[in-house]
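Reader: I want to learn how to read a model like this one. Please take me through its features, one by one.

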Amino acid sequence: MLFRLAGFLAFALLVLAGGIRYVTQASVEEAIRRESVDKALHYAQYMASHIRDIEGLVAGERPAQDQIETVRHIRRLGDIFRFKLFDHHGRLVLVSDDSDLQMRSHLVGAPETVPIHVMAARVPVVNVKDGREDPDRPDLFAEAYVPLISDFGDVFGVAEVYVDQTETSGYFRDSFSRFALMLSGVCALLFSAPYVAYGFQKQRAERSRKDAEFLASYDALTGLMNRREFLDRARELHTAGKLTAICYLDADKFKGINDIHGHAVGDAYLVHLAGVLRSCTHHDDLLARFGGDEFVIGFRDLDLEGVTGRVKSIIRTASQEFHEGDAVIAGSMSAGIAVVAPGDQLDDPLAHADAALYHSKSSGRNMFSVYGDHMGEDYRRRMALHSHLRQTTRDKNFSLLYQRLVDASTQKVVGYEALLRMVDEDGSEIPPSVFIPVAEELGLISEIGAWVLQTATQEIAGLDDHSLVSVNLSAAQLHGGDLPEIVASALKEAGLPPDRLELEITESLLLDDDASVAYQIDALKEMGVSLAMDDFGTGYSSLSYLWRFGFDRLKVDRSFVSGLERDPIRSRQVIETILMLGERLNMRVTAEGIETEKQARILADLGCDILQGYLFGRPAALPQGEAAPEQNERRVSGS
Ligand code: C2E
Ligand code: MG
Ligand code: MG
């Protein structure tokens with residue numbers, strides 16, 4: 001293809017060069033012709049004005065001495081090297097030759113065709129001639145016949161002027177050649193542009209192909225192998241009997257790092273961890289990122305002691321602080337090692353390493369474990385939870401319980417917090433604190449969250465009172481960008497006014513401060529839905545964060561409420577501070593986890609406007625139909 005294109009390009013340039021040469025030649029001749037006419041006209045005018053009685057001279061009168069002198073003088077003006085005069089019959093009267101002037105008798109000469117034609121047409125005629133054969137002629141000259149016109153407009157003769165154009169043509173030819181050269185250059189450039197572009201395009205395509213090949217086998221962020229490439233290589237190594245151990249590694253609390261510092265810092269942290277892995281292993285070891293913060297190493301020809309040595313150094317290095325811009329991350333890694341036995345299928349050590357990692361995670365993190373049989377049970381339980389959670393999500397086999405929200409001054413139920421419930425295959429309840437983080441990890445939380453929103457709004461709309469419903473959100477539900485639409489459609493389907501819905505976001509699941517999150521929060525608030533910060537006091541909210549997202553309510557974490565009994569002074573101070581902050585930032589305050597009358601009294605006195613806790617009711621099914629006021633009331637004695 002490239003050769004065909006080059007051949008075509010050469011041919012096109014050849015045709016172009018020929019065309020330019022032809023056009024140049026024609027242009028030079030035309031320029032010379034025009035210039036000759038100009039010069040001849042000027043010369044004829046000069047003769048007419050300087051030769052006294054030129055009309056008489058042309059008519060054949062014998063020239064006077066002064067006329068002869070003038071003719072001699074003007075005979076060699078400028079590029080004119082010869083001229084002739086013809087009378088009004090077209091007969092030659094006078095010839096100026098190099099030697100001298102020759103007068104002819106117009107009576108004896110025969111009329112010539114060209115002068116007759118020029119007189120009839122009253123326009124000059126020019127012939128450009130090559131004089132190289134004739135030693136008396138310049139190399140190139142023009143013969144110009146110019147009609148001589150009297151003051152009365154009569155043509156009384158013709159002057160034939162010989163103009164030496166050798167120098168002029170040289171000048172024209174030089175100029176046109178330069179121009180032609182330039183034009184050829186420009187055209188060559190223009191013609192070769194597609195060729196060059198094609199070359200670039202081919203190079204780019206080649207680069208893209210290489211990139212695609214790289215991406216098919218390697219992780220774009222860290223440059224480590226991806227899962228597929230790792231498994232291929234590990235299988236080869238295992239077949240050759242050289243794979244001795246597999247290690248699974250995972251960054252501890254990576255989700256929190258991403259939520260607090262944003263994805264850019266999260267990505268930089270992953271790249272940093274990949275660097276840690278590289279620096280603590282041998283270049284023969286297989287390093288891969290399986291996704292998220294999950295890394296895997298395949299060790300080659302190394303005993304368990306050697307493997308644990310390298311893994312220990314990874315864990316030690318990863319626990320050092322990492323700085324990225326203003327962010328300081330005091331992270332760590334957990335690891336699980338499985339020894340590869342010769343007869344094993346590769347899947348076994350992979351699953352065992354994962355089980356050992358899980359063991360490290362549940363035993364306190366920032367450590368490694370070597371797989372032992374006892375770890376299999378935990379691992380199987382986790383895998384069973386994964387598949388059960390997936391199945392429950394598909395079947396929408398969850399339920400909601402509702403916990404009362406009570407007005408602190410009237411003790412009336414003003415709403416309910418919807419709390420998600422899921423049962424295990426054996427019918428036992430799995431706490432949300434167990435399955436919700438797993439649902440987040442498996443990417444199921446958005447689907448589950450949408451179900452919670454639809455169900456809670458529908459069930460609360462079935463009550464005839466005006467109670468509100470408070471629904472817990474995961475920060476991940478804001479990552480899809482469509483939360484306002486999901487909320488709007490749930491409200492619409494349930495026929496519930498937006499001011500009866502409150503959304504709770506746990507403080508520790510800080511939201512990314514990105515434009516999409518801010519836009520969705522604004523859209524929700526504009527809709528009339530209110531926003532509460534759950535478990536306040538346990539996370540790391542900054543004032544700007546509270547301010548930016550415009551929370552309407554803070555829910556004091558229940559640890560401060562229970563603390564009122566254990567450490568009354570400090571807990572009181574904390575709750576007072578939260579209330580003060582709420583007042584300043586125009587946020588109301590709920591106290592949750594109230595179990596005793598005493599706690600309820602103190603919190604109501606301090607200024608919490610809504611109270612929630614086992615004292616007022618455990619999470620339960622909603623009352624059917626209109627809630628009986630007496631059922632919904634609970635007096636707090638002494639308040
Ligand atoms: P949360 O939003 O802070 O909900 C309050 C939790 O405290 C509930 O636990 C509730 O049963 C418990 N609680 C209420 N009053 C008392 C009390 O007086 N004493 C004690 N000890 N506990 C009390 P639950 O239902 O196990 O929920 C745990 C967490 O799971 C919730 O904490 C919430 O963060 C999360 N969660 C529950 N449902 C959902 C949901 O639909 N979506 C999301 N994303 N998270 C949910
Ligand atoms: Mg809550
Ligand atoms: Mg809470």
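Reader: Start with one residue. Is Thr-222 buried or exposed?

Author: Burial has cut-offs: under 20% relative accessible area is buried, over 50% exposed, and partly exposed lies in between, with a 1.4 Å probe and protein chains only. Thr-222 has a relative accessible area of 7%, so Thr-222 is buried.

Reader: What conventions apply throughout?

Author: This is a predicted model, where local features need pLDDT of at least 70, side-chain atom pairs count only at pLDDT 80 or more, and totals for chains, interfaces and linings use all residues. Residues are numbered from 1 along each chain as its sequence is written, chains are lettered from A and ligands numbered from 1 in the order in which they are written, and side-chain values use heavy atoms, with hydrogens and water left out.

Reader: Where does Thr-222 sit, and what does Thr-222 touch?

Author: Helices (H or I, at least four residues) and strands (E, at least two) are DSSP runs, numbered from the N terminus. Thr-222 is in the loop between helix 5 (166-217) and helix 6. Contact means heavy atoms within 4.5 Å. Setting aside residues up to four places away in sequence, Thr-222 touches Leu-270, Val-271, Ala-274, Arg-278 and Arg-289.

Reader: What coordinates the magnesium ion (ligand 3)?

Author: Ligand 3 is coordinated by Asp-534 (OD), Asp-535 (OD), Glu-592 (OE) and Glu-592 (OE), at 2.0 to 2.7 Å. The donor residues are spaced D-D-x56-E. Asp-534 bridges ligand 3 and ligand 2, which lie 3.9 Å apart. Glu-592 is in the loop between strand 21 (588-591) and helix 19 (597-606), 58 residues from Asp-534. Glu-592 counts as buried, at 11% relative accessibility.

Reader: Now a sheet. In what order do the five strands run?

Author: Two strands pair if DSSP finds at least two bridges between them. The five strands form an open sheet ordered 8-9-7-12-13, with mixed pairing. Strand 8 (286-291) and strand 13 (368-370) are at the edges with a single partner each, so one side of each has no neighbour in the sheet. Strand 8 and strand 9 (residues 294-300) pair antiparallel over five bridges. Ala-288 stands opposite Val-296 in strand 9.

Reader: And helix packing: at what angle do helix 10 and helix 11 cross?

Author: Axes are lines fitted to C-alpha atoms, for helices over the stretch in contact, and angles run from 0 to 180 degrees between N-to-C directions. Under 35 degrees is roughly parallel, over 145 roughly antiparallel, 65 to 115 roughly perpendicular, and the rest oblique. Helix 10 (residues 347-362) and helix 11 (residues 374-395) have axes that come within 9 Å and cross at roughly 90 degrees. The two helices are therefore roughly perpendicular. Residues making the contact include Ala-351 and Tyr-358 of helix 10, and Met-375 and Arg-382 of helix 11.

Definitions and conventions. Donors are N, O and S atoms within 2.8 Å of the metal (3.2 Å for Na, K and Ca); water is not among the atoms, so sites may look incomplete.
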